Amino acid sequence: MFLMKSLTFNDVKSLLQSPKNIVVVCHVNPDGDAIGSSLGLYHYLIQKGHVANVIVPNDYPNFLKWIPGTSSVIQFEKNTKKAQKKLDVADLVFTLDFNALQRSGPMQKVLTENTALKIMIDHHQQPDNYAAYTYSDVNMCSTAEMVYNFIDQLGDIDLINKAIGSALYTGIMTDTASFRFPKTTSTTHRIVAHLIEIGVEHSEIHSKVYDANRYERIKLLGTALNNLNVIAPSHTAYITLSQKELDKIGQQKGDTEGLVNYGLSIKGVKLAAIFIENKEEGIIKISLRSKGDFDVNLLAREHFSGGGHKNAAGGKSMLSLEKTVEEFKKLVKTLASKLK
Ligand code: 5GP
Ligand code: MN
């Protein structure tokens, strides 16, 4: 481990005053905010005259592959050598939309060993202390909104163009579930208003992200809804998807995203979960969502080797799908009074 250097915002600002080699990375299984914030920052850095590259740990959903800059994104898992070369010569590494190097999945080792100055921009709870400069704010609706603030703080709000704006809009839109989560503030709306003013095509972006379903994905939704269960005394809903069910429809990246929210949409439900079997990784991937004060970040940390936010978190289980659900049922029984 190299010695941690602590930078002030002004240090970061002066570092960015002259051309640098910069890598931007986001978390494994990137979502709209991970990709949107990374590509938004990327377009800004390029405009400022830096050499910038976005490296994602692994592949991400097709419905995000229209965002300007997509063709330059390097997938670490597929293109390890190329990614490694970029990381080797980097002066700065921005880590976006995650709070611990472990969240970079296959990149954890290289990022831990990499000696470039790291700058974290993230809104997840309990950030680790690995970065030379940490911009962490758990009250932010998205990392994309933070990238907007970051550029603004650097005095460059006028450099925010349509490419940056479209990427950031995608991040804000997806992480707020189209502006409906509680962390969507008047400031969020002001930022989005600005992005629309500079030409961001909000309606078109919404369509590109949400109306790009394959027939198979909608069939998978049917299976998921069929498997939806409610545990009424605990105000809990859960969905299971076995590997067999996923194979039957020929699952693609992103197909299961958002399914967990159907459980939460049931009147009275405070906690929703989805359990997705992944035979290849030998795990059950778990997504957790809550309404109100119930903290699923805590639940994920304590019981499912995961984390996230108070109302949206994830984790995993090494048990079988059946055993995992059994344990979950026992767990929520003990939590019934907290889920009232
Ligand atoms: P999702 O359920 O959509 O995969 O993730 C919801 C939130 O929890 C996201 O903010 C994501 O970063 C976080 N999250 C999901 N899975 C994990 C995990 O395995 N570990 C940690 N620490 N966070 C996770
Ligand atoms: Mn995010």
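I began with Asn58, which counts as buried because its relative accessibility is 7%, where buried means under 20% relative accessible area, exposed over 50% and partly exposed in between, with a 1.4 Å probe and protein chains only. This is a predicted model, in which local features need pLDDT of at least 70 and side-chain atom pairs count only at pLDDT 80 or more, while totals for chains, interfaces and linings use all residues. I note that residues are numbered from 1 along each chain as its sequence is written, that chains are lettered from A and ligands numbered from 1 in the order in which they are written, and that side-chain values use heavy atoms, with hydrogens and water left out.

I then looked up where Asn58 sits, and found it in the loop between strand E2 (51–56) and strand E3 (74–75); helices (H or I, at least four residues) and strands (E, at least two) are DSSP runs, numbered from the N terminus. Setting aside neighbours within four places in sequence, I listed Val28, Asn29, Pro30, Gln75, Glu77 and Lys253 as the residues in contact with Asn58, contact meaning heavy atoms within 4.5 Å.

Next I turned to the metal. Which residues are the protein donors of the manganese ion (ligand 2)? I found Asp33 (OD), Asp97 (OD), His123 (NE2) and Asp175 (OD), lying 2.2 to 2.4 Å from the ion; donors are N, O and S atoms within 2.8 Å of the metal (3.2 Å for Na, K and Ca), and the site may look incomplete, because water is not among the atoms. I wrote down the sequence spacing of these donor residues as D-x63-D-x25-H-x51-D.

Two backbone entries followed. Ser178, in the loop between helix H6 (162–175) and helix H7 (186–197), has a positive phi near 60 degrees, although the residue is not glycine, and at 27% relative accessibility Ser178 counts as partly exposed. His235, in the loop between strand E7 (229–231) and strand E8 (236–241), likewise has a positive phi, of about 50 degrees, without being a glycine, and His235 counts as partly exposed at 25% relative accessibility.

Last, I looked at the whole protein, whose secondary structure comes to 13 helices and 12 strands. Of its 340 residues, 53% count as buried, and the C-alpha trace spans about 60 × 45 × 40 Å along its principal axes.
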